[in-house]
Amino acid sequence: MIVYERENDFVLTAQHEHGIVAGDMAAHWKKEWLPLGSHRDELIFAAKEHDRGWIELDAAPLWNDYNQIPYSFRDFPLRPRFVFYRKGIEEVRQQNSYAGLLCSLMYTELFQKTLGASPEDDDDIREYLLEEQKQQGDWKQELGGDAAELEQRLKNDVEIMLFCDQLSLFLCMEEPGTPTARYDFFAEGLGCGFDTCPSANIQVEWASGEKVALSFFPFDEEFEVTMSYKVLPKASIRKFGMLQAYRRANWKKRSVWITELS
C-alpha cells in the first residue's frame with residue numbers, strides 16, 4: 001500500500017494500481033530507445049504486473065500501532081512481504097518467463113541499490129536475495145540465446161521498469177502539487193539508469209495539480225494516466241477499525257498528464 005497523511009484522513013493507493021500505471025508508462029516508451037531484440041510486450045507486461053504480489057496484502061490493509069498510520073510499502077514487515085513477492089513473480093512467470101525474470105530482477109535491484117540493502121544487512125534480506133539470484137541464473141539459462149546480449153537487454157529493461165515505477169510512485173506518494181523537495185525518495189529527481197539517460201537523475205515536478213513534468217522525456221508523446229485510490233477519514237478508522245474503514249471507503253480516480261518540462 002502507498003500511503004500519505006493529511007490533517008483529517010489518509011490517502012491509500014494499492015500497489016497493483018500503481019503498477020498498472022507504471023505499465024501504461026512503459027507502453028509509451030520511445031520504441032527507438034529500446035535495445036536490439038527488445039521484448040517490448042513482455043517489458044510492458046512486467047511493468048504492469050510487477051506489484052501483483054501485493055494484491056492480497058492490500059485487499060486487507062493493516063494498521064501500524066507504533067506509527068499510528070496504515071502500513072505501507074515503506075514499513076511493511078519483510079518476512080511476509082518476501083512471501084508475496086515470490087508469489088507475484090511466479091504468477092507473472094507462469095504467463096511469460098522473460099517478464100517473470102524482469103520482475104525478480106527489479107525487486108533484487110530495488111533492495112540492493114534503491115533501498116540500500118545488501119545480503120549482509122539482515123537475515124531475511126540475505127535469504128531472499130540469495131534465493132532470487134539463484135533462480136534468476138536458472139531462468140536465464142532456460143531463456144537461452146547469447147548470454148551477453150540477454151544480460152544487456154535485461155539490464156536496460158529493468159532500468160526502464162525502475163524509472164516508470166518511480167514516476168508512478170511520484171504521482172501517489174504525496175498530495176498532487178507537492179514540491180519535489182518534500183518527497184523522501186525523489187527530492188533529487190528520478191534515478192535514471194537506462195541506456196539513453198543523460199544523467200543519473202532526472203528532474204521531476206508538478207507543473208499543476210493535474211500535470212507532472214520531466215526534464216528529460218523518454219516517452220513517445222505526452223499522455224494521461226489514471227489511478228484509483230481511497231480516502232480514509234481518521235474518524236472512520238477510530239469508529240470502525242482499519243479494515244472496515246477501508247472497505248467502507250469509495251474508490252476515487254486521479255488523472256495526471258505526463259509531459260516535458262518547459
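Is Ser236 buried or exposed? Select Ser236 to start: this residue is buried, with a relative accessible area of 15%. Buried stands for under 20% relative accessible area, exposed for over 50%, and partly exposed for in between, with a 1.4 Å probe and protein chains only.

The model is predicted, so local features need pLDDT of at least 70 and side-chain atom pairs count only at pLDDT 80 or more, while totals for chains, interfaces and linings use all residues. Residues are numbered from 1 along each chain as its sequence is written, and side-chain values use heavy atoms, leaving out hydrogens and water.

Next, show residues 234-240, helix α8, which holds Ser236. Helices are DSSP runs of H or I with at least four residues, strands are runs of E with at least two, and both are numbered from the N terminus. Leaving aside residues up to four places away in sequence, Ser236 touches Gly241 and Ala245; a contact is heavy atoms within 4.5 Å.

Move to helix α1, residues 15-27. Its buried residues include His16, Val21 and Met25.

Last, select Leu171, Cys172, Val225, Met227, Arg254 and Val256, which line the largest cavity. A cavity is a set of points on a 1 Å grid over the protein atoms alone where a 1.4 Å probe fits but cannot get out, and lining residues have an atom within 4 Å of a point. This cavity holds about 30 Å³ of space. Colour α7 (147-172), β9 (223-233) and β10 (251-260): each supplies at least two residues of the lining.

Notes:
The expected span of a helix is 1.5 Å times one less than its number of residues. On a 1 Å grid over the protein atoms alone, a cavity is a set of points where a 1.4 Å probe fits but cannot get out, and a pocket is an open set with protein on both sides within 12 Å along at least five of seven lines; lining residues have an atom within 4 Å of a point. Grid points are joined across faces, edges and corners, and a volume is the space filled by probe spheres set on the points.
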